[in-house]
Each structure stands twice: as C-alpha cells, then as structure tokens.
Amino acid sequence: MGFATKKNWKKIIAVTAIVLSLLFLFFLLFNWLFPFRVELNFSQVVKADNGKILHAYLSKDDKWRMKVEPSELTPELKRAFLYKEDQYFYYHPGVNPFAICRALANNIFFARRTSGASTITMQLARLLEPRPRTYASKIVEAIHALQLEWNYSKDDILLFYLSLVPYGGNIEGIKSASVLFLEKSPKLLSTAEIAALTVIPNRPGSLALGKQNDKIMLARNKWLERYASAGLFSSEQIEDALLEPLTAKRHNAPNYAPHFSRRVRRVQKNESNIYTNLNVNIQTQLESLVRQYVESVQRKKISNAAVLVIDNEDSKVVAYAGSADFSNVEDAGQVDGVTAVRSPGSTLKPFLYAMALDEGLITPKLRLLDVETDFGSYSPQNFDRNYSGAITAEKALATSLNVPAVRLLSQVGVKKFVQSLIMADFKTIDKQKGGLGLSLVLGGCGSSLEELCGLYAAFANRGLHKDFSWFPKDSIKKEVQLISPSAAYFLSEVLADVGRPDLPANFESSKHLPRISWKTGTSYGRKDAWSIGFNERYTIGVWLGNFSAKGVRELTGADIATPLLFKIFNVIDYDSEADWFLPSEEMRYRSVCSETGLPLGQYCEDHTMDYYIPLVSPNKKCKHIREVFVSVDERYSYCRSCLPSSGYKELLIPQYPPALITYFQRNLLQYRTVPQHNPDCERIFSGQGPRITSPTEAGKYLIDRADNMELMLYCDVPNDVETIYWYINQRFYRAVAPGERVFFEPRAGKNRVSCVDDKGRKSLVRFDVEFL
C-alpha cells in the first residue's frame, strides 16, 4: 500500500508538471497573440542642464502625466509606496495568491471588503485599461499583470505605476503632483510630503490636494505612525514629518524658455523627458533682463527682442530668449526671434575683413580708400554720409564704414564670400545666393540671430565653426575652419576697441563689464538693431526691433542693442577673470609706413608697427613718396628722357591714388601736386591714367524728355595731371581741369564717352540711354 501511495504521488506530480507546462505554453501563446504592452502618452518635459524642469506640456489626451525617471525615485519614496500598496512586490509574479486567498476569506466571513488583493502590477494593469470593479475584471487584470511581469522588469513596472497613479482631475503620477502642487522634483520630497502623496491615489476624489490639505494631513499622519511601527524611517524623520504643515497648492506648470522648449520638443518629439544644455540660472536672469529692457524702450515704439547665449568651450546653447514675452499676442511674442530671418546690417563685415586678411589683401594698418565710389550701378554711402579719404583697415572695421567694406568685397569676390557664409551654415543666404551682390556685406541679404551667433562663436574659437550643442549627448557633428587663427585674433583685437563711435553713451556705468569684442548692425530702414559680442567664455547675440518689421528712427545697434548686450555680459560674466585671446603662432610683427600701411620704402619717414602673416600678407614696399625732377623755379617737372644737364633740382612728392585726389578736390583739401611736365618732352607716358566714374560703364539710363536732364562727366586722375580732354561719341567735347564737373546731353541708344589726360593716358566707358 505504501508503494502504491508513492506511485500515486509520482503520477500526481507528473500530471501537475504537464498541466503547468501546458498552461505556461498556453500563456506564451496567449501573450504572443494578445500582447499587453505599456504604450503611454506622457507629458513632454524639457529639462535644464541641472535636471530642473524648464517647461512641461500636456499629453495628447490633455493629461498632466509626467514620466518618472529612475533617478527621481528615491529609496524613501520607494519604501513608502511598496509598504502601503504591495509589500511583496519583488517576490510575486504579478499576482499574490496569498493576498487573493486572504481577500476571499474576508469577503466570505465578514461579508465585506476588509483588505485588497491587487498587487502594484495588477493596479498598473487597471490604470492602463480601466474596467468596472467585478470579479471578471479582476481575472483580466491578473492575466495582464502576468503579461506585464513577463515583458518588463520590476523596476520598470514600479516606475510605470508611479507615473500613472491618480491625483484628481487630469493630474496623473507622483511627478506631476509634486511639480504642480509642490514645485519640486520627486527626488526632493520630504518624508511628510512622501507620506501625503502615498495616501491620495486610493482616494483622489475625497483627498483633493491643494483643497483638502487638513484632511490629507490626518490620513498622512496615520500612515506616518504605521511607517514608524514598521521601522521604515528613523524616529527623528517621523517626528519632523508629523509636525510639518502641508502647504500644497495648484501652481502653473513650469514655463521657462518657451521658444527653446518648443524647438527642442520638435527635435525630440518621441522623448518624454528632454534633457538639454540650457543653464536655468542664466536663462532666468536673461528672461528678466530682456523683459525689463524691452519695457524701458517701448516708449520708443520698440516692442521686442531676442537673445542667444553660447558657451564657447563646447558650443552649448546655455540661454535662449526668442522674444521679450511669449504670451504677448499683440506684439507677436510667439514669434521666435532667434530663428527669424532679418537683414543683418553690418554684422557680416568682420567676417569679410578676416577673409581679406587671409587672402593677403589687408593687414590691420593697411590704408583703405574711403571715398565716394560707384561700383557699376551701385553707389554705397557711409552711415553718417561722411568720408575719411584713406583709413586703416582696423579703423575702417572698428568704425563700420560701408564704402571700404564694399570695396573689399569687390576684391574678395561676392561668390567666394557667399560660399564661405554657406560653409558657416547661413541657410537663407544659401537660398538667396543667385541674387546677391555687393550690398550683401551691408545687410542686403537675410540671416538669423542663430546663424550670426554661430559665426561669432567661430571668431571666439580661433576661426573654427562648430555646430551648436543642444543636448548633453550631442556630439559635434561638423567643424569647419572658416578663417585662420591669425584672422580671428585680428577681429578679437579690433572689435574690443572701446574708442569707437558705436560705444553706448552710458558705457561708463558698466565698470565691471568683462573685456569683450563686439559688433553692431542696423538694417536699412532701421527695422533691426543688432549687437553681437564674444570673449573667451561666451558668445552673446542680441536683436531688437518689431516683428511687424516696422522701422523706428531711434533703432540702431549702437544705441539700442549694445546696452542690452553689455547688461547681459555684466550679469552672467560679472568681473570675469577669464584669459584674453592670444596671438597665433604664425603671426609676425613688422615696421610699416604710417601713410600706407605697406612695408617701409626708401623715402618713408613716419612708421608704425603692424602684425602680418608671412607669405600671405602684402609684401610690396611702399612707394607713396617718389622722387621728382623739377626746374629750379618748380614750374616744370622732368622725366629722365627730357632731364637737362643742369638747372634742375629733386623733390620728394606724395603719390596719391586718383580717387583720393578727387576726394581732396571735392573737400577743398590741400595736397602736393607734381608741376606741369616739360612741354618740350616727346616721351609717351604709361602707368595709371584717368578712370571715368560718371557715367557708369555698361549702365542704362532712363530719362524723361520733359526734364531735359544732362549727364555728368567726371573722372579720377593722378596728381601729375593738369588737363583732361573729354570726347563724346568719338568727337572732342571739352578740355577741363582735374576735379571740374562737366555736363552733356546724351543721345538715345548707345553712347560712348572717353577722356585723355595731358600725358596721353585714356579711359573709355559705354552705356545706354532710353528716353521716356
């Protein structure tokens, strides 16, 4: 009989194993055919570099459902929830059979529910698929709980559960409750706050957080005493928690950096928690500064501003203000001024000068012509309509003169300049490249604050342009060497000059302003004011204006944008001890002529020091002063072909470009001229002759016959010319002195104008005339 009993047990065990195996296989098949997955639609949360929430958005089903991250689940919070809801969570497979038996016995013997049988996993299943509270629903929840346990880890299930527990209304999850009612992350909750948030999910309707705090405190304190009995917390923690008041109230969701948050949300649209490099301290200071500053200039009818702050060390975007007030509908506050395409004014000039330095066209002390000039059909003017004649490259950039910049662009080439800007990620210029001309460097194009900040950050990084880093896990995608380190140093020095006309009048009030390099810009029609600055640590770009593109007379980069730039630097980099930029290893210094900026020639008297790039910078010696043979009475000059054997002397006379002589003549400035050449000389002269500046070569003139309008004849000539002979359509017209203006009446159709100086050198232009 004992043998038979033993045999029966073996049979029972075998049958049981078979049944369990079949049930397990059935479960796997069921799970494969009818999977139960967690597919939650969380609220998107944008976080700063320190983990603080910058901005939070409702989920697609209009719930505040913020996903709890593992780092936000503290041991105290975990112990409290597990003790209250499911003490055997880590020991059961999703269903606790002992709890089920206990609940059934209580229901049978006491005819009422005295304890629940639902595990945290079963509660999660119910939260994922709400059902009526019936025995059938419990069976479904148990099956789903088993599936969840099979598909996810215990920690994942607990995080899902804590992200879904109800807190009344459209607020779900402990993170949403702690942020919206206590304005803190779950990992910063006190013991009292943890206890309060554990008691609400079972009764979210009768324990309304923020409205029934006293009632919640009573329930909280009961559970605190249970926690004490169970030894979950120290006696000191419990005592402090029992005395702590509950001050929870409903707050608005965090809404810092709205433009930035909206932007990164589009990039990481599938992420619930978006971690960024934004510095919350700098961001809050920036938003306050921008709002206050715009309020101070609104009386001038300037309604908006945008600012971008870049950390130069790793190209991180650390602060971002797309407008002064995102919620201001009247002034289009939701427009993002960081990405908006506007005219950049003069802000592209530094890049052009840097390219010219690398091309060997300039050095800092090289003199550039600053005179009225026609570039074909384009005649730029300086901002104040004044001209300097000849000015050093560094001063031309520091004072932001227009004519020297356009002249440089004509030498560098529009196409090459455009291609370099495209390499610097100027996307709008890439789209416009087919229609851009010399006005490009004065703002005759479209660009954004973001693109300009990227360019100036390259200046701060020794000419190396890097993609911005928005997120902690970003790797630098692209690096481009736009200009040489020498050119970058040139810009940092020139743009740091505080003796500039665009220095704000109240500069003296910023005694602790860090040493910065900056450039201003004002668009045509005064619709945009720019000021972009950099030092070793930060690059900051500022734009002010109206999103309606309405121009304002007072709107200039120097007077409106630069004061805000200085304020921001003064706040975020106060009394900075950061090192300044150092010269590049390839740079060298040399003595140059003060008059031209070229290496010293034979007759140069005044000289100054200038830095240059060996084998790149211009190396031609200065010939500003030349030796001239003249008669004793200085009435005539001689060349070596007609130089007499005696009765002459040598003079040193400056040799000016024809355009500069025209400038002297127009402004009635004295200059030394070469005496008339010996009339008996039979030599034919070569070299630089006249250059016709009016009419324009290949121009087209539309003239109303009723106006009887005449065209002006004018040319630039060297300072050795006494007489100019004008010819119109191959017929002699008039002989005049240099600088004298002559007018004539053109004919319809094609015209030809030429001039010859008294040395036999000539110039010719052709143009069309159409009468209306």
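**Backbone, helix packing and cavity**

Author: Let us begin with Ser400, which lies in the loop between α14 (393–398) and α15 (402–412). The model is a predicted one. Ser400 has a positive phi of about 55 degrees, although this residue is not a glycine.

Reader: Is Ser400 buried or exposed?

Author: The reading rests on relative accessible area, and buried means under 20%. Ser400 has a relative accessibility of 15%, and therefore counts as buried.

Reader: Which residue other than glycine has a positive phi near 65 degrees?

Author: That residue is Ala549, with phi near 65 degrees. Ala549 belongs to the loop between β14 (538–545) and α20 (557–572). Its relative accessibility is 33%, so Ala549 counts as partly exposed.

Reader: Which residues does a cis peptide bond join, and what is omega there?

Author: The cis peptide bond joins Ser694 and Pro695, with omega at about 5 degrees. Pro695 is placed in the loop between β21 (691–694) and β22 (700–703).

Reader: How should I read the packing of two helices?

Author: Two packed helices are described by the angle between their axes and by the distance between those axes. In this structure, helix α4 (residues 120–128) packs with helix α6 (residues 154–164) at an angle of about 50 degrees, and the axes are 9 Å apart. Because of that angle, α4 is oblique to α6.

Reader: Is the crossing of α4 and α6 left-handed or right-handed?

Author: The crossing of these two helices, α4 and α6, is left-handed.

Reader: How is empty space inside a model found?

Author: A probe the size of a water molecule is rolled over the atoms, and this shows where empty space is left. Here the structure holds one cavity of 30 Å³ or more. The space in the largest cavity comes to about 30 Å³.

Reader: Which elements give two or more residues to the lining of the largest cavity?

Author: Those elements are β23 (711–716) and β24 (724–728). The lining of the largest cavity is formed by Tyr714, Cys715, Ile724, Trp726, Val736, Gly739 and Glu740.

Reader: How many residues of that lining are nonpolar, polar and charged?

Author: The lining of the largest cavity divides into five nonpolar residues, one polar and one charged.

Note on methods. Residues are numbered from 1 along each chain as its sequence is written. This is a predicted model: local features need pLDDT of at least 70, side-chain atom pairs count only at pLDDT 80 or more; totals for chains, interfaces and linings use all residues. Side-chain values use heavy atoms; hydrogens and water are left out. On a 1 Å grid over the protein atoms alone, a cavity is a set of points where a 1.4 Å probe fits but cannot get out, and a pocket is an open set with protein on both sides within 12 Å along at least five of seven lines; lining residues have an atom within 4 Å of a point. Grid points are joined across faces, edges and corners, and a volume is the space filled by probe spheres set on the points. Helices (H or I, at least four residues) and strands (E, at least two) are DSSP runs, numbered from the N terminus. Ala, Val, Leu, Ile, Met, Phe, Trp, Tyr, Cys and Pro count as nonpolar, Asp, Glu, Lys and Arg as charged, and the others, Gly among them, as polar. Buried means under 20% relative accessible area, exposed over 50%, partly exposed in between (1.4 Å probe, protein chains only). Axes are lines fitted to C-alpha atoms, for helices over the stretch in contact, and angles run from 0 to 180 degrees between N-to-C directions. Angles under 35 degrees count as roughly parallel, over 145 as roughly antiparallel, 65 to 115 as roughly perpendicular and the rest as oblique. A crossing is left-handed if the near helix is turned anticlockwise from the far one by less than a right angle, and right-handed if clockwise.
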